Amino acid sequence: MSLTTTPVTTGQQARPGWWDEPFGVFQTNLREIDAGLDVERTLDAVQEHGAGVWLLNVGGILSHYPTDLDFQTRNPHLAGRPGGDLVGDALAAAGRRGVRLLARMDFSKVAPAIADAHPEWLYVSPTGARQEFEGLVSVCPRAGYYQHRIFDVLDEVLDRYEVDGFFFNWFGFNEVDYAGRVHGVCHCAACQEGFREHTGLDRLPERAGDEHYREWRGYAAATIDALTARVRAHIAARRPDAGLILGTAADVLFHEANNAIGRTLWPYATGESVSALRSARPGKPVLVNAVAFWDMPYRYAAEQPEMLGQYLTQAVSRGANPSTYIMGPTGGIAYDGLAAAAAVTRFHRDHRDVYTGLAPAAEVALVRPDPLDDDGRFGTGVPEHRGLFTALVERHVPFDVVPAGALADLAADRFRVVLLPDLPSLPPGAAEALDRFVRAGGSLVATGRSGLRPDGTVLDWFPGQRVTTVDAEPAGLRSSYLQLDDDADHVEGTRLVPRHGRHHRLTWRDGTEPRYRLVEAAPYGPPEKAYGHVPGDQHVCGVRAHGAGTVVQLPWVVGTAYRDTRLTALRDVAVDLVAERLADGGRPAVTLDGPEQLEVVVGRSAAGLVVHLLNHSGQRGNGYGPALPVHHVTLRVAGRAGRAARALAGTATVLDDGDDLLVRLATVTGFEVVVVEDGVTGTVEDEEADVGDVIVVRGGQTDRVVEAVRAAHPDVVVAPADDAGALAAATVATGRLTDEEVARMPHLAWVHSWAAGVEGDVGPALRRRATEPGAVTVTSSAGNGAIPLAEQALLLMMMLGRRAPRWAQAQREHRWDRFTHDELHGRTVGVYGYGNVGRELAVRARAFGMRVVGLRRRPAGPDDPVDRMLPPDAVDELASVSDFLVVAAPLTDQTTGAIDLDTLRALGPHGHLVVVSRGGIVRETDLVTAVRDGVIAGAGLDAHATEPLPADSPLWDLPNTIVTPHNGATTPSTADRGTAIFLDNLDRWLARRPLRNVVDVARLP
C-alpha cells in the first residue's frame, strides 16, 4: 500500500449564518420561456411543500433580471413581463412571506456572440475544438470568464438584490456534456499553464484513463476549490448574511441525488455521500437536491415517488437539509413524486428541535476509497466498500462513512472501530492517524490491499508481515475455501465459505492470532472426482494487539465476494469481525431486532440520541417502489434505562430491560425516527439523582465564565473549583487540576485548558483518565493567542534582522551607531507547525512581501496563504529554504527536540531561529552551540524548555539573541478569545455536538 493518495481538502472554516439552522429548499429551474412566472402562485407551492427557501434562476447563462453587462445575456422573454424584472418581483414577494431567496447561477456556458468575442475564455477539447451544446458554448473555470467576470455578475446582483445566498450549477470542468458526449480534458492556454504550475508536467492528458489523468483531476479540484474560496470570500465581504452553496470551500456543501440511464443504481448513494461530507467537514451543513424527473434527457418524465422520497429520507437521516428540484414553474410539468418529497420536507420542518445540530454519532467508521485510486493492477476499492456497506446495513450495524482523504484528521476517540475496505493506498498522514487511533484503544479491521505496500511489505503495526502470493485469477480460486472452524481437522461437516475474489497470502508477525484456515483447491468435477479437500496450514486472517487496541487483517476482498454472491455466510464473516471488536470494549450502543431491509442511522442532537430506521424493502432494480410495512421491530439502547423516548412517525412502547432501554415499534413503513432523551438535570446536593452537567471553573476569566454560563444555561450547575461539593459532582472542569482533585471527580468527562498547549495542565492522573476506556475528553484554547504570537514572531524577526540589540546597547552607552541591516521584504519565513499561529503569521508576512513556506501533515488548502507546504519529515529542508525559521508547533512526543544541530546547520549562518510556541521543541544545548559558533545568525526566544528561564542559563548572554519571558500572547484579547472558545465548546457539549480543539493526550510528551 503506497501512501500517496490525495487527501480531502477541508476548505475554509465554517462561517456562521442562517444556514446553520435546519431549512428546506424548493428549486424551480426555469426555462427562458418562463420569464412570466407567477411569483405568488409559486410561493404558495413552495410553502405548501414545507420549504422555507426558494432557489430561483438569477444569472449566468441567462439573466432573469435586466442585466447591463455585455458578457451576460438578458432573457429576451423579460420584455413581456410587466416591469421586466423576475428576480426583483420574486424577492419582494418572498420577503413579504418570510421565505428566503437563493440565487441560482450557471456560469458554465455563454452565448456564441460572447464566445466569439472572447475565445480565450472557452473550454478547448484535445482536438482544439470548442464545446457547443444547444446554441451555447462552454467556458473553462481556469480562464478569464470564471476567474474575473463572474465577480462582476455577482456584484451586479448584490448591488440590486438582497438575496439570501447563491447556488452555482455545473461549476466545474465539462469533460462530458448534457448528451453524454465525452469532450475530454480542457486544453485551453490557461489550463496548459495551470496544469504545468500545479503538477510540474508539461503535457496534459486527453481523457479519463490516460497517463496523468489523476493529476489532472487533482489540478481540476484545486482550481475549483480555490475559485470557490474566492467566491465565498467575495460574497461574505459584500453581504455577510448571504451564504454560498457549492463545494468544499462553500458555506453549505452540496450533493445532487438523481438517476441516470445506463448507471446501475447504488441504493445508498445519497446517505453515503452525506455521511462522507459530514465526517470530513463536520462544521458545515449539507444540502441534498433531489431531482424530481428521471434523468436529464427526460426532464418531463417524473421520477418514481418512492425514489424521490428515499433520496430525501437518506439525506435528513444523516443530518442534511432537503431540497426538491423541478423544471419550470410549479403546477406545470406533472411530477408524481412531489407529494413524497413534501412529506419528508415537512417532517424535517416540523421536527426542527430534533434536526437542529444533528451530528453523526455511530461507533463504527467505514472508509470510502478514492474512486480514482487505482493501483493499475487490481482497480479501485469501490466494489469492496459497497459490499461491506451493504453488509453492515443488513446486519443493522450503525456506521458513518469517512472519505479516505479525511483519515489524516481522524480523532483518536471518535470511533470504536474503523473498517478499511481494500484501499490501494493511503493519503499522507492517514497511516499515522490510524496508528494513533489503534494505540489509543481503537480497533481497525482491514480487508484486501489495506495496509499492504507496493513492494509486498505490510505496515509494521499490522498483523501481516509480507505478501507471498496474490491469488486473483478465477481459475486459481475455484474450489478453494475458508474454513471458519479453526480447530477442525477435517473439511466435511465444518463451516466453509468460498474463496471468491482476490486474496493476498501473507506471512504473519509474531503475536498474531491466526483465523480461518485456507482449504486449498481440489477437484470439483465431475462429481465422481469432487473430493480431496483437506485443512491447510495457512490462515487467511490475523488479529494482533497494538498499543491499547487491535488490528484485524483480512487480505481478501470479502465485501466484493458478498456483493457478487449475496451469500450471507460471506457477509457474516466481515460483519462478525466488526461486531467482535465492538463487543470487546463493551456492548454496541444501539442494536435492532428486525429484518435486514431496515437501515439503522445513529446521530445526536440537542434532543438526545436520534436513531433513524430506513425501510429499503422497496428497492427494486434501478429504483425504489412502495416499501413493505415492517412489523414488530425492537430497538435496544444500551445503558439508557429510565430515559424518556418517543417515535416521531408512528407509535412506540418504551420499557426498561435491566440497564437497557427497549423501544418497540408496531410498524415501520417508509421510515421511523426514535429520539432517546438525555438524563434530567439535578443539583449538586442531590448526589443520588441522575444529575446533568456540573461545571467547575478555575483559571481564565473565572467570574466572567461563571456569569456567562449561568445566563446562557440556567439549568446547568456552575461554580468555582474551590467549591468542594461541585468538584465531587463535576462532569466538566476548566484549568489545571491536581492529581488529588482528579481522583475526587468520578463523573469527570471533559476538561478544558485555558492554554493552547496543554502539557502543563495534564498531570499523571488526568493523563490516565484521558487514555482509558470511557476516556475524559481534553480540549485546549488553541487559537486564542494566534494573533499576538504571530505579531510577536514578526517583532522578533524584525528585531533580529535589523540587529536591534546593537541599537539598545548603543542607547545605553549614549553612542550614535549607524550600520547596515536587513529588511523582511523578499526574505523567506519557514513555519514549523503551520496551524493557527502559522496562518496568522503567514498573512502578516505576506503583507511585508515575504515568501512563506509551511510544514504540517496536510497539504496546503486553497485558502492557505503559503507559497509551499512541506510534510512533517522535511524539517531540515524547511530550514534550508528559510531566512527565519519560526517554531509554532505544539509540544508532542514527535516534536520534542525536533530542532537540533543538523536543522540549525541547514538554517545556516544568515538564518535566524524564532520560538513562540514551546521551547522543548528545540534542543537548547544545540542552540547555544549554534549561536556561539556562528552556525546561525541569531535567535528570538519567547518560549523556553525550562520556565522561568534560570538566571544561569547561557541563553541570556548569547550574541544577537533576544529573550522574552513567554508572554507574547499575554493580552486582554487572548483571554477574551479563550473564554469564547470554551463557551462555544460548552454549547456544543450540551447539544452533544463535536467539540473544537480536542487534544490527543496520548501524543503529549
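Predicted model: local features only at pLDDT ≥ 70, side-chain atom pairs only at ≥ 80, totals over all residues.

1. Residues are numbered from 1 along each chain as its sequence is written, and side-chain values use heavy atoms, with hydrogens and water left out.

2. The count of aromatic pairs comes to 31, where rings of Phe, Tyr and Trp (its six-membered ring) pair if their centres lie within 6.5 Å, and planes under 30 degrees apart count as stacked, over 60 as edge-to-face and the rest as tilted. Trp807 and Phe819 form a tilted pair, 5.5 Å centre to centre with 35 degrees between the planes. This pair joins helix α21 (residues 804–812), which holds Trp807, to the loop between α21 and β39 (828–832), which holds Phe819, 12 residues apart; helices (H or I, at least four residues) and strands (E, at least two) are DSSP runs numbered from the N terminus.

3. Are the two partners buried or exposed? Trp807 is partly exposed, at a relative accessible area of 36%, while Phe819 counts as buried at 15%; buried means under 20% relative accessible area, exposed over 50%, and partly exposed in between (1.4 Å probe, protein chains only).

4. One aromatic cluster is formed by Phe71, Phe107, Trp121, Tyr145, Tyr146, Phe168 and Phe171. As for charges over rings, the charged end of Lys109 sits over the ring of Trp170, 4.6 Å from its centre, and Arg414 lies over the face of Phe415 at 4.0 Å from the ring centre; the criterion is NZ of Lys or CZ of Arg within 6 Å of the ring centre and within 35 degrees of the ring normal.

5. The second largest pocket has a volume of about 390 Å³, a volume being the space filled by probe spheres set on grid points joined across faces, edges and corners. A pocket is an open set of points on a 1 Å grid over the protein atoms alone, where a 1.4 Å probe fits, with protein on both sides within 12 Å along at least five of seven lines; lining residues have an atom within 4 Å of a point. Of its 16 lining residues, the closest to the centre are Pro267, Tyr268, Thr390, Arg566 and Gln619, and helix α11 (residues 382–394) gives the most to the lining, with four residues.

6. Ala521, in the loop between β21 (513–519) and β22 (535–546), is partly exposed at 45% relative accessibility. Not counting residues up to four places away in sequence, Ala521 touches Arg478, Ser479, Ser480 and His533, contact meaning heavy atoms within 4.5 Å.
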